[in-house]
Amino acid sequence: MAKRLILKLSCTDVPGIVARISDFVFRSGLNILESAQFFDRDTGRFFMRVVVEAVEGAADLDALREGFSPIGHDYGMDWELHDADRKIRALIMVSKFDHCLVDILYRVQIGALPLEIPAVVSNHRDSYQRVAAAGIPFHHLPVTRDNKAQQERRLLDLVDEEKIDLVVLARYMQVLSSDLCRKMEGRVINIHHSFLPSFKGAKPYHQAHARGVKLIGATSHYVTDDLDEGPIIDQDVTRVDHTATADDWVATGRDVESVVLARALKYHSEHRVLLNGPKTVVFK
């Protein structure tokens, strides 16, 4: 049972979609609290996010999904109906640089991010004390060329055991296999510096500093088997100049990365993101 629900959908645009949804909401004893929609003229697809509330008591989520199914079928919709008050269960993955992890833990602690974090996974032990202080189980899964497949199977076991909705790569410096990316499609979010593909490899901020870049930033996106080319959820930049050192740029980059990843997680956890081919529609 749920008091507030979120419906998000996309389909080929035809007349009557909004009217059909509004009729369903009314006949189901619900009231619309928020509604946002977008028509993509390039693809001809319609996107919508609706927040509704039960007029009396609470609504049966399973019954509502069953009731909406014929509408979804009629319009060929990709749709989801969620309990708005249920927190997303997120597994965080991190390597040595844990600024994004620490930022997420703090935002969850103060209620700024509607997430539950049942586990943190790392290929290093550097973050153990910080994670333990937050009372979250820490799983050390070191990765080598020989054991990568085994460790990914353990990761998928954790996803099943902990009923994980989302995996967050909070500066996790290992490339996930194509098989894992396909199995977790739409359920893995990554953060990286925005210099890609211009500055690949080690020390991208130092490479950018050597080239006199004037803007640095970060990108958060869904993970696909095309490295760092998945659908983008959020980005941001900040200006830099010749007076700062490369280490200053690294420090600035940490701040931007943390903010961009936090925004992306908030949008995803509030069911504001809809996939649009290689892009996203984000109802802010």
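Hi everyone, let's start with Val120: leaving out residues up to four places away in sequence, Val120 touches Ile92, Val94, Leu101, Val131, Ile136, Pro137, Phe138 and His139. Contact here means heavy atoms within 4.5 Å. This is a predicted model, where local features need pLDDT of at least 70 and side-chain atom pairs count only at pLDDT 80 or more, while totals for chains, interfaces and linings use all residues. Residues are numbered from 1 along each chain as its sequence is written, and side-chain values use heavy atoms, with hydrogens and water left out.

Now, the cores. A nonpolar core is a set of buried Ala, Val, Leu, Ile, Met, Phe, Trp, Tyr and Cys residues joined through side-chain atoms within 4.5 Å; buried means under 20% relative accessible area, with a 1.4 Å probe and protein chains only. The largest one has 30 residues, and Val120 is among the members that touch the most others, together with Ile92, Ile104, Val168, Leu261 and Leu265. Several elements supply at least two residues each, including strand E5 (88-94), helix H3 (99-109) and helix H8 (246-269). H8 gives the most, six residues. Helices (H or I, at least four residues) and strands (E, at least two) are DSSP runs, numbered from the N terminus.

Where is Ile104 found? Ile104 sits in helix H3, and Ile104 is buried, at a relative accessible area of 1%. Beyond its neighbours within four places in sequence, Ile104 contacts Ile92, Leu113, Ile117, Val168, Ala170, Leu261 and Leu265. In soluble globular proteins, nonpolar side chains tend to be buried together.

Key: Buried means under 20% relative accessible area, exposed over 50%, partly exposed in between (1.4 Å probe, protein chains only).
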